[in-house]
Amino acid sequence: MTSYYDYCKICVMLKKKTNKNQIILGSFAAAFSVVVLAGLVADKHLAMASAASEKTTEVTGEVLNIQIDEALGEDDLSDGAVTETVDMIEATEASSEEVIEEVLPYTVTAYETPLVMYASDTVNVRSGAGTDYDKLGRITWGSELQVIGVTDNNWYEISYGDGAGFISGDYVTSELPSVPYLFVGDSRTVQLENAVGTTDKAYVAKVGEGYSWFKNTALSEIQEYAGNGTTMIINFGVNDLANASKYISLINSYIDVWDAAGVTVYYSSVTPVGNCNTVSNAQIESFNAKLQAELDPRIKWIDSYSYLTQTGFSTPDGLHYDKTTYKNLYSYYMSVVATDV
């Protein structure tokens, strides 16, 4: 049987135990409260930071103004201070850029007033004063040029399109030049013109004509085209092969005039025929041999007869040629002239 004393002792022990448990529970509750409170505080800070970020995004200009006010103060934001700051930024940017200037292998002396000059041949226009520069285009013989400068390596700067270009001084003259190539003859020369065109070339020719027309008409027309630097190619005879001696006498009598004027004269042999009832190749060969032997040595001979005989030709009527043959004949003329230069 438990005594009163023992009962009191037990009560005291139970009370102490209860108090201890209460202390432990209290401590745990306090710790939990701290953790919860810390989380709430953190969430609040995150929410505030997010709100601040959104506000900053919406009023970026205002935030910048506030930051400038804090850094400089209102008195420092005068127009002079802002201008000075911008000038400093621009000066810094300019000083950081490297200025690269192209060093040209030639110098250009500009004319105060453009000069009117002419192209003495069909020539390339280039982006610089030299053949290594890009081609901008071509100018034909006799074209009027607006020359705005000259280089120290004999090139001319000209107005070209919306800008400028350069032409070699070897192809520029101060006076309207004589035509580079002049072809004189009969119907075969007329058809040569139809096949190859007239760029930097002129023609004095008429269908069905020979010695009389050459003497009475063509000689005066030649003076209108031929001049210093002209290459003249004569091709008469197929219509009047019996007049070989007359052709020789007439041409030899004019060679002094042409030579003094700077005209280079060629005589192209009468070229072969196909099935032709009026002319034979034997007659043509005899005519050619006489002229080649008796023309003045200053008159250069082009053996067109041998060229077409060897390479072939196409003739629709036995006397005249197709365009391909005329183009080939023209190319042969140019190859002979180029060899003689």
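**Overall picture**

Mentor: Let's begin with contacts, meaning heavy atoms within 4.5 Å. Of the contacts in the chain with a separation of 6 or more, residues 24 or more positions apart account for 65%. Keep in mind that this is a predicted model, where local features need pLDDT of at least 70 and side-chain atom pairs count only at pLDDT 80 or more, while totals for chains, interfaces and linings use all residues. Residues are numbered from 1 along each chain as its sequence is written, and side-chain values use heavy atoms, with hydrogens and water left out.

Trainee: How many helices and strands does the chain have?

Mentor: Helices (H or I, at least four residues) and strands (E, at least two) are DSSP runs, numbered from the N terminus. Going by those runs, the chain has 9 helices and 12 strands.

Trainee: What share of the residues in the chain is buried?

Mentor: Buried means under 20% relative accessible area, exposed over 50%, and partly exposed in between, with a 1.4 Å probe and protein chains only. For the 341 residues in the chain, the buried share is 32%.

Trainee: Are helix 8 and helix 9 roughly perpendicular or oblique to each other?

Mentor: Axes are lines fitted to C-alpha atoms, for helices over the stretch in contact, and angles run from 0 to 180 degrees between N-to-C directions. Under 35 degrees counts as roughly parallel, over 145 as roughly antiparallel, 65 to 115 as roughly perpendicular and the rest as oblique. Helix 8 (residues 304–311) and helix 9 (residues 323–340) pack at about 130°, with their axes 11 Å apart. Helix 8 and helix 9 are therefore oblique.

Trainee: And how are helix 4 and helix 9 placed relative to each other?

Mentor: Helix 4 (residues 187–196) packs with helix 9 at an angle of about 95°, and their axes are 9 Å apart. The contact is made by R188, Q191, L192, N194, A195 and V196 of helix 4 with K323, Y326, K327, Y330 and Y333 of helix 9. By the angle, helix 4 and helix 9 are therefore roughly perpendicular.

**Two single residues**

Trainee: Is I139 buried or exposed?

Mentor: I139 is found in strand 3 (residues 135–139). The C-alpha atoms of I139 and V123, 16 residues apart along the chain, are separated by 5.5 Å. With a relative accessible area of 9%, I139 is buried.

Trainee: What is the phi of N154?

Mentor: N154 is found in the loop between strand 4 (144–151) and strand 5 (155–160), and is partly exposed, with a relative accessible area of 40%. Most residues other than glycine have a negative phi. N154 is not a glycine, yet its phi is positive, at about 65°.
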